[in-house]
Amino acid sequence: MRKTSSLILTLSLGLTIGVSACDMGAGRIPEDLTTLNIIDDDYRNYYEIYVGSFFDTNGDGVGDLKGVQEKLPYIKDLGYNGIWLMPIFTSPTYHKYDAEDYFEIDPDFGTMQDLIDLVEAAHEMDINIILDLMINHSSATNQLFIDAANDYARYLSNPGAYTRPSTTSNKDWYVFQENAAGGYTNINIDGKTFYYESNFSSNMPEFNLDNEEVRDYFESIASYYLGEIGIDGFRLDAVLYYYYNQHERNQAYLTEFHDYCATINPDVYIVGEAWISTNYIKQYYANSTVESYFYFGVNDVSGTIASSTGAGGSFLRSYFDLVVEEIPENTKGPGGTQSVPAMFLDNHDTNRIAFSNMASTKFYYGLLAMLNGAVFTYYGDELGVTGAKSSGDPGLRCYMPWDEGDFTGKTDNPEGATTKYIYPSYEEQKDDPNSIYNYYKKANLLRNQLPSIARGQITSIGENTTCFDILSEPQSDAYYLTIEKTYGEEVICIIINFNVNETLTYNYLEHGYNEVVGQLVVDTDTYIGLKGEGNLSLPPQAIAIVRK
């Protein structure tokens, strides 16, 4: 992607304000809703699943891996070709980000054979599977930690006579010290009080990645799941905590881990969670071989996308800046790794993006889908499931509303979780062309039909900086954006009407484009119409894609 200074600010002429497409005599534009052009690379549409709340196949109230497998056709039909499974290893907690054993599947979710079956079934449908992997910490009930803590207590009892035990782990597997400090938890064993690093909670002790045996252990985990089970990659949790906020050391370890994984599967895909500013993210891209890092500036109701739709659409500049300045450039890191921005609206750590305004809830995803990189959707977002961080973490993992009432496959919510389902279930939304579900499905279809949306080099971008000069009656709510992308021989232009009230007209022939190849509207009672001689009529919050 070029820098702002070299971008051509274009297409600020040729747009006028009018009424809805239906009232302007504009004809409907034919659409191809079946042809796909999906490329087998890292620019995928990912679907994030908390297994315990997705679909229950055995009636115990907990979702399971067999439930995910049963719903693969649903995921495929929605246009997702990647699945991120949140932690599935044995764990004492509902969220399972504190693993007791990385080589066992939590019995609440099923068995290792269930995972094998899921991966095989997903691959038959060209869906990749990545697993959540917590390298920085385990559960305090993990036998590795128990053995290491006992060994450290033994060491404190007689440092001069200390000998390394023959057990799996020893005192150097975790970060222990004798003095209290912030981010540490005290422990007493055999009368010896000491402290272990625990940045997230007392139940999550931090591994010591300076220990080569620990790094070897996680390589063995990667080898098992990539080589034996056949998964396609990992989502790495909390990568800033490998060496707490020591960025160069984190980047070095990420490169080491990624490069090892690539020896098992050369096409491995890894995405890191680094909740940090964009400037630091760019450094992680530049200095590590990991393909993707989540971009947190986009997500949540206060993020770039939501804020760009404020004031009736007049805040579109934040989306402009996102596209031009903030998304990491498509440059190569060490070893020639191509960076693939990982974009998302929400996840299990943030407020869900859906709210009572259905049009804006849809539009948020339309704007996300038009961005370069891979996109990630949290399960249930496509149905408008709500949830606020202020109500507690369990409330962000509520059951998937496949139907109303006590339907087959319904899961129990995690203890303490409450949510209000303000939109209908899947069964009610699937046949409603105006539903959130069908909007998500259409947005994914466009990404799967036009590879240039996710992969294209941005060659020009325009906003209405001079729009007021060309209107006979200037209106403060006349807001639009155009983004031209080039991928191979394909050149497209994405035209976005941010206005929430007014329809705009855009002549694509005058700007050198030949055909309309994509259209997305938040209200199917209106449509993107063609008035003749290349004039497109875009209703409020509509997105059109034209191609040269």
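Colleague: Over residues 1–19, where does pLDDT stay in this model, and how many contacts beyond four places in sequence are there?

Modeller: It's a predicted model, where local features need pLDDT of at least 70 and side-chain atom pairs count only at pLDDT 80 or more, while totals for chains, interfaces and linings use all residues. Residues are numbered from 1 along each chain as its sequence is written, and side-chain values use heavy atoms, leaving out hydrogens and water. pLDDT is the predictor's confidence in each residue, from 0 to 100. Over residues 1–19 pLDDT stays under 50, and the model has 62 contacts there beyond four places in sequence (contact means heavy atoms within 4.5 Å). The protein's mean pLDDT is 89.

Colleague: Why is R455 called buried?

Modeller: Buried means under 20% relative accessible area, exposed over 50%, partly exposed in between (1.4 Å probe, protein chains only). R455 has 11%, so R455 is buried.

Colleague: What makes the R455 and D41 side chains a polar contact?

Modeller: A polar contact is a pair of N or O atoms within 3.5 Å; within protein, one must be able to donate a hydrogen and the other to accept it, and residues adjacent in sequence count only if both atoms are side-chain atoms. Theirs is at 2.8 Å.

Colleague: Why are α3 and α5 called oblique?

Modeller: Angles under 35 degrees count as roughly parallel, over 145 as roughly antiparallel, 65 to 115 as roughly perpendicular and the rest as oblique. Helices α3 (residues 112–124) and α5 (residues 212–229) pack at about 55°, so they're oblique to each other.

Definitions and conventions
Axes are lines fitted to C-alpha atoms, for helices over the stretch in contact, and angles run from 0 to 180 degrees between N-to-C directions. Helices (H or I, at least four residues) and strands (E, at least two) are DSSP runs, numbered from the N terminus.
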